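Hi everyone, thanks for coming.

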Amino acid sequence: MTAYVIRRLLLMIPTLLVVSIVVFLMIRFIPGDVVEIMAFRMVQSQSGGGEPVSIESIRRSLGLDLPIHVQYAEWMKGIITRGDFGKSLWTGRPVIQEMLKRIPVTFELGLLAFIIAMVVALPVGIISAIRQDSWLDYIGRSFAIISLATPAFWLGTMVMVFPSIWWGWSPPVELVPFFEDPLGNLAQFAIPAALLGTAMSATTMRMLRTTLLDVLRQDYIRTAWSKGLSERVVVIRHAIKNAMIPVITIIGGQAFIMIGGSVIMEQIFNLPGMGRLFIDAVFERDYPYVSGINLILACVGLFLILAQDLSYAWLDPRIRYR
């Protein structure tokens with residue numbers, strides 16, 4: 001197992017290298033030049049007079065006049081040697097400082113959404129399987145279908161709009177720090193996390209029900225029943241682990257969906273997380289922010305995939321990585 005983990009960690013190096021090239025070039029290939037945007041805004045601000053704006057001087061001051069491969073080499077050198085993702089083209093602030101302020105918000109939203117998704121999906125999926133075709137099963141399946149069919153961003157928009165119209169209330173739009181007011185902070189994150197977590201839980205719930213139904217029909221489960229074991233022991237000790245392997249795969253894939261969903265929820269509920277920072281950076285063509293955020297999310301994704309693969313061996317002792 002140790003050798004497998006080391007190989008996977010070493011494999012991440014070329015993977016991240018390819019990802020870094022893609023994210024570095026991607027933002028530069030979309031229409032719109034940040035230098036031209038800056039020059040236009042400078043002209044507007046100097047409508048009353050002033051020295052003419054030179055696009056070439058702006059490009060030179062930002063280091064964007066260098067060949068693209070030189071810019072990439074300098075960017076990667078700063079990341080590897082100093083952990084420096086560059087500075088904002090607009091504000092000049094270090095990218096890493098702003099990301100460190102935004103990461104806790106996105107992490108808290110994602111963690112709460114994940115907890116809600118598991119708290120909803122696992123019990124409902126298990127009950128739907130062991131009580132197949134009962135009224136509990138029908139309610140659970142209906143809930144999953146409704147959750148799959150209803151976009152989380154639409155629900156988020158409705159939560160922001162209709163309560164403010166009907167009752168004059170809307171969720172707080174100014175971040176409440178956790179260490180200043182823990183209850184207020186959790187209350188602020190409860191609604192977006194619940195909407196995001198419910199949307200995630202639907203697929204997990206349906207997959208768990210399907211795999212658990214298949215496992216419960218296996219011969220070794222019939223043997224456990226014939227020994228007189230209780231339903232709780234049969235389901236928890238003998239069936240759940242084998243049924244969870246495909247579910248873990250689904251959960252690992254949903255981690256990326258959760259990241260994308262957090263971008264939308266942060267916009268709707270005005271949460272100053274990585275998602276809002278990324279959207280603002282794209283609109284402003286702030287290359288260092290966009291590239292840095294993408295690279296950080298790629299690293300997180302790779303470690304989540306590794307944790308997902310390692311969990312297979314824990315769930316099923318027959319699986320061994322060599």
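Let's begin with the crossing: α5 passes α12 in a right-handed crossing, meaning that the near helix is turned clockwise from the far one by less than a right angle. Helices here are DSSP runs (H or I, at least four residues), numbered from the N terminus. A word on the source: this is a predicted model, where local features need pLDDT of at least 70, side-chain atom pairs count only at pLDDT 80 or more, and totals for chains, interfaces and linings use all residues. Residues are numbered from 1 along each chain as its sequence is written, and side-chain values use heavy atoms, with hydrogens and water left out.

Back to our pair. The axes of α5 (residues 95-130) and α12 (residues 287-315), lines fitted to C-alpha atoms over the stretch in contact, with angles from 0 to 180 degrees between N-to-C directions, come within 10 Å and cross at roughly 50°. From α5, V95, E98 and M99 meet P288, Y289, G292, I293 and I296 of α12; contact means heavy atoms within 4.5 Å.

Now, which residues touch the most other members of the largest nonpolar core? They are V34, W75 and M99, in a core of 25 residues. A nonpolar core is a set of buried Ala, Val, Leu, Ile, Met, Phe, Trp, Tyr and Cys residues joined through side-chain atoms within 4.5 Å, and buried is under 20% relative accessible area (1.4 Å probe, protein chains only). Helix α12 gives the most to this core, with 5 residues. A second, separate core of 23 residues includes M118 and L315.

Finally, Q71 sits in α4 (residues 68-82) and counts as buried, at 12% relative accessibility.

How values were computed. Helix = DSSP H or I, 4+ residues; strand = E, 2+ residues; numbered from the N terminus. Buried < 20%, exposed > 50% of the residue type's maximum accessible area, 1.4 Å probe, protein only.
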